[in-house]
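Okay, everyone, thanks for making time. Let me put the thing up on screen and walk you through a sheet and a couple of cores.

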Amino acid sequence: MQHKTQLTLSFLLSQVLLLACAEDLECIPGFQQKVFYIEQPFEFTEDQPVLNLVFDDCKGNNKLNFEVSNPDFKVERDGSLVALKNVSEAGRALFVHARSEHAEDMAEILIVGANEKRGALKEIFKIEGNLGIPRQKRAILATPILIPENQRPPFPRSVGKVIRSEGTEGAKFRLSGKGVDQDPKGIFRINEISGDVSVTRALDREAIANYELEVEVTDLSGKVIDGPVRLDISVIDQNDNKPMFKEGPYVGHVMEGSPTGTTVMRMTAFDADDSSTDNALLRYNIIKQTPIKPSPNMFYIDPEKGDIVTVVSPSMLDRETMETPKYELVIGAKDMGGFDVGLTGTATATILIDDKNDHPPEFTKKEFQATVKEGVTGVIVNLTVGDRDDPATGAWRAVYTIINGNPGQSFEIHTNPETNEGMLSVVKPLDYEISAFHTLLIKVENEDPLVPDIAYGPSSTATVQITVKDVNEGPVFHPNPMTVTKQENIPIGSIVLTVNATDPDTLQHQTIRYSVYKDPAGWLEINPTNGTIGTTAILDRESPYVQDNIYTALFLAIDSGNPPATGTGTLHITLEDVNDNVPSLYPTLAKVCDDAKDLRVVVLGASDKDLHPNTDPFKFELSKQSGPEKLWKITKINNTHAQVVLLQNLKKANYNIPISVTDSGKPPLTNNTELKLQVCSCKKSRMDCSATDALHISMTLILLSLFSLFCL
């Protein structure tokens, strides 16, 4: 079938080209036919010729050699394309690169199905109708041109020819389009007489893969007499781009103990060459593994997909026995299907073996010892454990629990995040006299649960023996604070109360002495032997040392130990009020105009340092006034205030008004005082009190005031 295909298609195509170019017999270096179509056989048979390729550099083909894009084929010296082995699948196209001492060129062999032959020839010749010699509607024949990329100088290099079947004297070919008179300009040009198309520099398929040009024929004046006709130029890919890994860094994770064949990650490379050819057909392989233990082949990469999978048994994928839990793989991606002629790109894949909790924590010893003084809190011992899992995970981090021996919750244990040790602390002070020894049972677990087939064993529990050391503790007051209620002003020497302090060190049989520690007002004393507290001064509820009716003092109880220990007791004395303060009057000065129409002079208020009922209601009174007529009066407003009113306008002068104010205590206390009244001249809203007349004082009032003071 394949031989028949070669005779049918190749011969027909060559005959068409020969007929079209009969009038032009000059030699054009390169393949005499650049495109071949063959029907896909069931299998290409080893050493069986597929077709013949004709290459001529017009100078004898010295040092001619061929390269085929598919390594399963080769081209013999005579141009025969043969398979090196039985090949059932060769892809959609083969490319043959020929190079001699004087020329090089590329031919394309397209492999099509039986129903694709007709369309393939139509595409080349741009014709309608059946196979055979095409009949063009126009006189211009512009067959597609195939140009290999990356050709070497010299340039310009002839790549094809446009033929005009009808000759017209003076007619010229004109070429236009992208690559000629459009950017990128000047890549292609045409001989306006012969129709030879040439390229002026090397092409890059990855930049531009196809050019669509137009050919016209003009007369001497430049008028178009034929065309335009489309001229397609395709750039044939060469394997000039090595695969590249663009998505790095590549880091994968796999759990230790994973089954053989577990997928870790996928590596994907990119090749800028033509994806429809072997130039971009990639195959992956592992070039190097670091480290090589426990096996130099820990992983496998799917050559086509790039998937990296584990290939060792789960027991070998043990993080705790590995030299390091990190593996670095140098991954190669080679084009041309991985054959030696392909280009290679590399990247490094980092694979981390993740830890799972397959090792329980274990105490480094079964029993720990600790000693602590009674009355002291804080860390008393660090419990050490070992765990072979990853320290950066919850499979390593320890959680400690006291499971026995802590009924009073005197102990707590916490994990040191840096060392993973258990820090055992006393949080409630221990008492030697109650218990001199404590035994704790402690277990340790991980933050993360163990894997199903692993369990915590006896080594995950430990005992802590704690010895409490006796210290000389200070005496303790009972109760503390102590409270008592007393009236203020009790006689000096009165007993306030007797304090009681005991020594916690019951086994030492020590004596206790008492002393005053803080007595802000200096009102108290204490008997050093029996603890009786008495007064050395009057207790004054109104003293600044009394806050909210409470006076506070501190006392010491000192034992006879060596060195002695001290306890502190607080005494709160609540002072009850007695009526020992006379009320005070405010204000003591008032002013009024001599022509005032409103004779209400001032509102007086009274206050008392004592507490109710020894304060208000207050009683306000005026002493008797001398003379035939009264000058003022006082009127009660409420329990704490009264108003002084003039009964007539007075002359400009200073007056002293005698007033008495009495509280409601039992017995009541009276304060006799004077209100100074200034009668001033007032003009234009200004009060002038500076030039007052001589002071008007009633002798009767003076005598009455003196009499009242004498009675007090």
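So, which residue in E41 is the bridge partner of glutamate 525? That's glycine 534.

Quick ground rules: this is a predicted model, so local features need pLDDT of at least 70 and side-chain atom pairs count only at pLDDT 80 or more, while totals for chains, interfaces and linings use all residues. Residues are numbered from 1 along each chain as its sequence is written, and side-chain values use heavy atoms, with hydrogens and water left out.

Back to the sheet. E40 and strand E41 (residues 532-535) run antiparallel, joined by three bridges. Strands here are DSSP runs of E, at least two residues, numbered from the N terminus, and two of them pair if DSSP finds at least two bridges between them. The open sheet has three strands, ordered E37-E41-E40, with antiparallel pairing. At the edges sit strand E37 (495-498) and strand E40 (524-526), each pairing on one side only.

Now the cores: sets of buried Ala, Val, Leu, Ile, Met, Phe, Trp, Tyr and Cys residues joined through side-chain atoms within 4.5 Å, where buried means under 20% relative accessible area with a 1.4 Å probe, protein chains only. The largest nonpolar core has 27 residues, and Leu604, Phe620 and Val644 are among those with the most contacts inside it.

Conventions: Helices (H or I, at least four residues) and strands (E, at least two) are DSSP runs, numbered from the N terminus. Buried means under 20% relative accessible area, exposed over 50%, partly exposed in between (1.4 Å probe, protein chains only).
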